[in-house]
Each structure stands twice: as structure tokens, then as C-alpha cells.
Amino acid sequence: MRIPLDYYRILGLPLAASEEQLRQAYSDRRQQLPRREYSQVAINSRKQLIEEAYVVLSDPKERRAYDQIYLAHAYGSERENNPTVAVENRAVDHDSIESQGLSIEINPEELAGALLILQELGEYELVLKLGHPYLTNNNSTGVQVGKTPETSEFSDIDPQRADVVLTVALACLELGREEWQQGHYENAAASLETGDQLLAHFGLFPNVQAEIQADLYRLRPYRILELLALPLEKTAERKQGLQLLQDILDDRGGIDGTGNDYSGLNIDDFLRFIQQLRNHLTVAEQHQLFEAESRRPSGVAIYLAVYALIARGFTQRQPALIQQAKQMLIRLGKRQDVHLEQSLCALMLGQTEEATRVLELSQEYEALAFIREHSQNSPDLLPGLCLYGEHWLQNDVFPNFRDLLKQQASLKDYFADRRVQTYLEQLPTQAETNYEGSTTNQPSHAPTQINPQSYGSDPNIVYGQFPNSRTYSAKSPLQSSSSSPTSPTHSTTEDTRVDMPVIPVSGVERASRSNNYYMNGSARDDVHSHPQTPRRRKPNQSPHSRGHYREQRPPAASRRRRSASRGGNAKMRLLWVVVTTLASLLVLWLAISTTIKFVHNALRPAPTLQGQQLSIQINEPPLTIPERNSKPQFPTGKLTEVTAEEVIQTWLATKSAALGPNHEIDSLENILIGSALTQWQLVAQQDKADNRYRKYEHSVKVESLEIDPTDQEHAAVQASVTEATSFYENGLLNQQKSSKETVRVRYNLVRKPDGWRIREISVLNKVS
């Protein structure tokens, strides 16, 4: 069979490699060993292919003939029909090469070694294309590869079959990681699941299978976001996303649970994930999800369920859902201040007196100030509360549901609905008064607030804040810039009029309505209208005042007190004289010293400055100071050896940071692109996962710079790099893995708008 490979790719060499580079590459490839799970058969097969490539290329005559065929297929007219650059076989049969195409003919027992080389070269899709037919055709059990059989025994599997299984599984793992980096999360999951099913089917390599499963667990949050962000018409895919979300919640034991779902997200990270997830869910989906989660129980789920119930109840004109949200808030009130939400629920249920009474218990001072401001010309707080309620629904509630983004909040329309009126008329006449914990003035304990600046740099997660934190957006009641007469920022000097909805009054409030409640937290101090209200004493006043005791003191005690008072006054006058004298002397001394210094400076001539003077101001630095999180500036314009060395120095510094103890992996994007970026990101992530890091010392010498005159956007730099590596595992220095060597490296550069980037790095040889 034929494998699309060529001898230059097998050795990792360019076409113009020298004999010294050829010998060094051959030595390096022989010393590089694959994973320890491979059998000796696969290792020997790989070694034999490397030796064949070296034999052909080390013979000058054979190499010239080989290069002619290579160039003919690579750059000739046949390239359009055969874009894969690969070359013919060990016998170098020229006729066969041109007729069969660029490939290497191998024996069936050498398949594992050839696939291993392709896997090392990153040809993962090609490995799957060649490996799957082999495993399917040689599957003696009749079980389809990729499907886990109920009972299957592979104890007598031949070594090459196991090596092919391992290579295909590793190709699935690496292909999944590449697609993960590109943001194709479902494709990544499909590749990883294929490798997992393959290993489970054959019952081989449990360590590799565990590695694949770990990636699948870490990938689940990304898959959920991708699936739920799909259009609502994609019901099957979105249903799969909801099921994955439920699996994670079950593994964690709820939204704020402490179980391990193996995603790598701690509690704060998972709360951020849930907050972003809400923007992809409809109000019905959130209602179903969070109401079920609130039964675990979960305080966060209860709060999120309340928002879903209020949003669904208001928009679908189902006050029964708002009544349910109100009851859940009473449960939640044991742990935090939710009186504002309770008041708004009571308002939407037509319980205006209760809404005003509960509002007075809230400690949301900004909201209270807004409500008070817009109720100044009213006997009660209902105008401000209604206006705040509409702003709250529009800006804090509806934006968290994907199907309510364009929904308008109008209490007038809500109360005008016949369904709402019918339900409110049937409410029990006894007003709700059982607000647990409402009589205390202790500080409330709100759920965890989310800081948008705290999670990385994963580009797929948008951080926000849970609704209970009540941070207002640009359209919020406290920060709106609207000039509407009903705008929250409208001047209080004008007569602010609010179009009040007609609110059905339920219960006792149908008989009478009290308007004596104000935002100061107490009723009016009108003794006649409130005969049972005791008069308030002045601050710090008690029944046992000083006058009360003075009338009962004997005259002798009074005389002794007055005598002691006169003695104390004399001492105070003496102390005051001493202090005044010292202060006067101090002021006199300061005046004399200042005068002497002024005269001395006036008599001494000022130095004469020569030449043009620098223009330096106190409030501006002499040099531009970059911001803390600004990206580094890279050389732009025409590339010279000096700027090329700066690019390489930048890369080596970035490499030290990415593989160092702080694992600054994101910095790699500032200097690398393409395959080089993907390769080093994987290396850095693996080091971080394995709790290891490296410290480097580098020195660079640029040897050559190649720029195509017809293409000024690309360049190649060859440099000699001396690298001293200190390798640390679990915080301890590993002397065996530490090294110092000098290598000759080729860097392929490409110009970007903000500077030069490295897209490929090739080690040519070691310098002795």
C-alpha cells in the first residue's frame, strides 16, 4: 500500500538542506522516541522508514534524481490535480513515481510506523483516513469500530493492530484539541468521542482513554454555550445542550454545589458560566431549569427562579407565577435583603399597601432615593414605585432572557388585561404580613457578586452580574440620560407627573387605604391621628436626666462640686498661658529662619544653563509610559538584521513567560501565529496541567536574513540560539531534564499591521 509521504518530510528537512543538516536531522529523528505505549514493532517500523529516507538523500546521485521528481510534482502542471506533496518509494522507480503519484510504498506490517510518522507530522485527518479502514476490515468480531460492544475480547489482538488503534486514538485527541482552539466545540467533541469509543471498543490503553475523557469533561461548558446559542429552531441541538447542562448540575450537586464535574471551574467560575448561559435561554427554559434546581435547595437557583417567574408572569399575564415568586422571596428573605423585590411583586399583585410597607424595610438606598424623588408630590410612594418597577423590568429582568429582549414593560397594559384583573379579584382578602426576618435591621447578605475583570482570557465567556446585585446599566433608573419628563434624572424642581396605571386593590385594601407611610421608616408624628404612637424623646435623653438628679443632691455636695470646679478652672488658665507662650516662640523662630533663607537665596546668583533646555513638566512624563495591560510594540517597516534579532528576542522572552512559573499562555498570541502558535499553546497548557515550568537564559546571534524581493511581507531568519533551561516539576528543580545547548534555528516571519510575527520555527541542527 502507498502512504502520502516524502523523505524530506520524514526527516523534517527543507529541500535545500545541507549534508550537515541532513546528518543532524537523521540523528535527531532516531533519538526521538514515541509514547511509551507503542510496541517495539511500531518503533522499529518507524526507524526503518527514517533510515530509508536518509539512505536516499545522503547519496548525491540518488538525491539529484529524487529532487527532480520532487520539484516536478511540487511545482509542475500536475500540482493543480495533485496538491499533496509526497514522493515515491525506496527503489526510486522514476516511471512508477510519475505514474502512481507522490507516495511511498510500504509493506502491510509497516503501516503502524508510517501512521506514527504522519501523526508526529500533525496529519491527523490523514491518519484517520488510513487507519479506520484498516481497523474496520480487520475487525474479526464483526463489531463496528466506534461502537462499544456489549461483550468483546481482544486479548489476542496482534501488536500492529494495537499500535494502529493507539495512533488513531491519539490523532482523534490532537484533532479535537486543534478544533477546540479554533472554537469549534462540537466538532472537537465529536473527534474526542471517536477516540474514546475506539479505545473502549478494543479495551486498550486506559491511560490514553482517561486523557481523552478529561478533555471531554473540560469541553462540556463550551459545548453547552455553543449549542444553546443556536437558533430556537434547532430544537434537537438545543435539547442536547440542556441535557449536558443538567449532567453538569447533577455532578456538581446544583449551581452552588461543591461536587466535582471535572470541568475545572470553581464555584465563582461556574456562577459566571451560569450568568452568561442565561442570555441564551428563553424565559420558559429558565423557569423550568431554575425552579427544579431551587429544590436541592439552592439560594442562587431560588433567586434566578424568582426572576424567571416574574418575567414569565408579567409578559404572559399570569399573576399566579408572580404570587409563586413572592412566596419564594419570603423563603429567601431569611438570608438576604429582598424587600425591594417583595415590594414589586406585591405591586404587581395589586397589594399596594403591603408593597409600600415592605419597601420601607429595604436597604437598597439608591432605589429608595429614586422612588422617593418621583413620589414627592404624591401622598404615597406608588408613583415612584410604579416608575421604578417598569425600569427594573425593562433593564434588569428582560435582558436576561433571549426571547424578551424586545419586550416592553408597561404596568398600565398589564393591569388592563382581563386575565390579570380576574386573578387579582380572586386573591384572599387577608394581606400577606409574614415576612421572615423583615423586622431586623441587620445588614443583608447578598449572593456572590461577579467581577467582570477576574477570568481570562478565554474569549468565549462574557462576564456579568446576578440580578440581585442590582447594578444599573446605562439605561437604568439611576443613570439614564433621557430628557423625558418621567426620566429618573429629571429635575425634582419641576412637577413630575407619572401616568399611573389603574391598580386593582385586593384584600383589606379594597375597604380602606392608608397613605401615612413615608420613606423615613415611620408613620407621621401626628398624635391626634395616631393616638397610640408614643412621643419620641430627643437623642441621648432618658428619664434619669441630669436635672432629675440635681434636685435630689444635698447642698454640701453642691458646694464641694463648685469648689472643685474653681480649682480646676485655675489650673486650666495656667496651662493655657504656657501653651500660648510656646506657640508664640515657635512662630517667631519659623519667621526668622524663613527670612534668613530668603535673603541668602536672593544674594546668591542663579547658575547659567548652556544650550537648549529640556521641556519637562511635572504633570507629564518625559517619555511615553505604556499602559499596564498594553500589548508590546514590535518592529514594523522593512526588516533588517537588527529588527529581526529584536523579533527573535521578543519570542524568546515570550516563551520564557509562557512556560515559566506564571504560565502567561495568552502572551504567545502577541508574537506567534498559525501552526507555531497552536504548537506552543499546547506545550504551555500541558506544562501548566502537569504542574511544571521552565526558566530560560537565552543568547541570540542572527546569521542570515532572507527576503524575497517580490514579496516583502514574508522573511526567513536563520539564527544561532544558546538556550540554558532549568526544568522544574512540582516546584523542584529536575537536574536531569535541565540542559544547555546551542542550536541553529530557522524562523519564518510574516508581516502584520502591528509588526512582524513568527509563523514557523524549525530547528536545523545543533552547534557543537
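Is asparagine 730 buried or exposed? Select it and look: asparagine 730 counts as exposed, because its relative accessibility is 57%. Here, buried means under 20% relative accessible area, exposed means over 50%, and partly exposed is in between (1.4 Å probe, protein chains only).

A quick word on what you're looking at. This is a predicted model, in which local features need pLDDT of at least 70 and side-chain atom pairs count only at pLDDT 80 or more, while totals for chains, interfaces and linings use all residues. Residues are numbered from 1 along each chain as its sequence is written, and side-chain values use heavy atoms, with hydrogens and water left out.

Stay with asparagine 730 a moment. It is found in the loop between strand 4 and strand 5, and its phi is near 55°, a positive value in a residue other than glycine. Helices (H or I, at least four residues) and strands (E, at least two) are DSSP runs, numbered from the N terminus.

Four strands form an open sheet in the order 3-4-5-6, with antiparallel pairing; two strands pair if DSSP finds at least two bridges between them. Strand 3 and strand 6 (755–766) stand at the edges with a single partner strand each, so one side of each is left without a neighbour in the sheet. The twist averages 30° from one strand to the next. (Axes are lines fitted to C-alpha atoms, for helices over the stretch in contact, and angles run from 0 to 180 degrees between N-to-C directions.)

Zoom in on strand 3 (residues 692–708) and strand 4 (residues 711–729), which pair over 16 bridges. A hairpin of two residues joins them. Pick arginine 692 and you'll find its bridge partner in strand 4, glutamate 729; for arginine 694, the partner there is phenylalanine 727.

Next, jump to helix 13 (residues 283–293). Eight of its 11 residues are buried, so the helix is largely enclosed by the rest of the structure. Among the buried ones are His287, Leu289 and Phe290. Show helix 11 (235–252) and helix 14 (299–315) too: both are among the elements that cover those buried residues.

Then find proline 297, in the loop between helix 13 and helix 14. A cis peptide bond joins arginine 296 to proline 297, with omega about 5°.

Last stop: phenylalanine 205, in the loop between helix 9 (185–202) and helix 10 (206–228). Its phi is near 50°, again positive in a residue other than glycine. At 17% relative accessibility, phenylalanine 205 counts as buried.

Notes:
Contact = heavy atoms within 4.5 Å.
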